[in-house]
Amino acid sequence: MISKSNGFNGDRSAIDKAMMERCIGLSAKGIEQGEMPFASLICRDVEILVEATNQVSRAEDITRHAEMVAISKAQHILGRKDLSDCTLYSTVEPCAMCAFAARETRIGRVVFAIKSPMMGGVSKWNVLRDTELSHAMPEVFGPVPEVVAGLMQEEAEQVWHSWNPLIWAVIKRRGYLGGHDADLGFTTLHAIPERHGFLRRLFAFHNHAPDFFRKLRF
C-alpha cells in the first residue's frame, strides 16, 4: 500500500505524531487478528509505504515481527533493499533481530513508543546505535540512524493494558516493556554520518559497477 497524509508542511514532529497515532491504532487491530499489539509503519515523509502488524500467531512463525513484515514489504514495493530515505515507526522498540534488519536496509530513522529494556535494539543491545557495524562492514550495514524513543508511550501502553490488564501488569513489573512514570517522554538520538573511507568507496563501486558497465556503449 502507498498512501499520503497531507497538511504538515514539512513539520517533522507533527508527521511523527500523526504516524505514531496511526501505528497505535493499527496495533489495536492486531489484537482483533489474534496477535499481540505490535505494529509498524514504513514511511517516506508523509507517504506511507507499508503498515503491518505481527503475524507470529497467524503464520506460526516467530520471525514475523511487525517490523520484519514491514521491511520486507517496503523493499518489494520500492524494488530495492536500500531504505535510507525511509522512517520505521513501531509501537514497541524493535528487538535485536529487527534492529539488525533495519541497519542492513540502511534505514534513515527509527521512531518507537514503548521502550524495551530487556529485548530492545537500543535499550538493551544498542544495535541501532552501534557505529562499529557500519565502520567495520560498510558493505552490509548502513550508518547509525536517527532514533526517536518514547514518542506517545502512554497512548501505546494503553492499548496493551486494554488487551490484557493482568498480563500487561506482569510485563511492566518484570521490566520487559515500558518504564516508570519518571521515564515517560521522548528523546531524540541524532544520526551519525558514515565515514567515507577507502573500503567504503571500494565496496560502493563494487556494488554499482555492474550497472555502470551495462550502461556503457562500445
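Helix H1 (12-32), strand E4 (87-92), strand E5 and helix H7 (165-173) are among what covers the buried residues of helix H6. Helices (H or I, at least four residues) and strands (E, at least two) are DSSP runs, numbered from the N terminus. This is a predicted model, where local features need pLDDT of at least 70, side-chain atom pairs count only at pLDDT 80 or more, and totals for chains, interfaces and linings use all residues. Residues are numbered from 1 along each chain as its sequence is written, and side-chain values use heavy atoms, with hydrogens and water left out.

Now for H6 itself. In this helix (residues 153-163), Gln 153, Ala 156, Glu 157, Val 159 and Trp 160 are buried, meaning under 20% relative accessible area, with exposed being over 50% (1.4 Å probe, protein chains only). Looking down the axis of H6, the buried residues sit within an arc of 145°, so they line one face of the helix; the arc is taken from the directions from the helix axis to the C-beta atoms. Over on the other side of H6, Glu 154 and Ser 162 are exposed.

What about the partner H1? The axes of H1 and H6 come within 9 Å and cross at roughly 15°, which makes H1 roughly parallel to H6 (angles under 35 degrees count as such). Those axes are lines fitted to C-alpha atoms over the stretch in contact, and angles run from 0 to 180 degrees between N-to-C directions. On the H1 side, Ile 24, Ser 27, Ala 28 and Ile 31 meet Glu 155, Ala 156, Val 159 and Trp 163 of H6, where contact means heavy atoms within 4.5 Å.

Definitions and conventions
Parallel < 35°, antiparallel > 145°, perpendicular 65-115°, else oblique.
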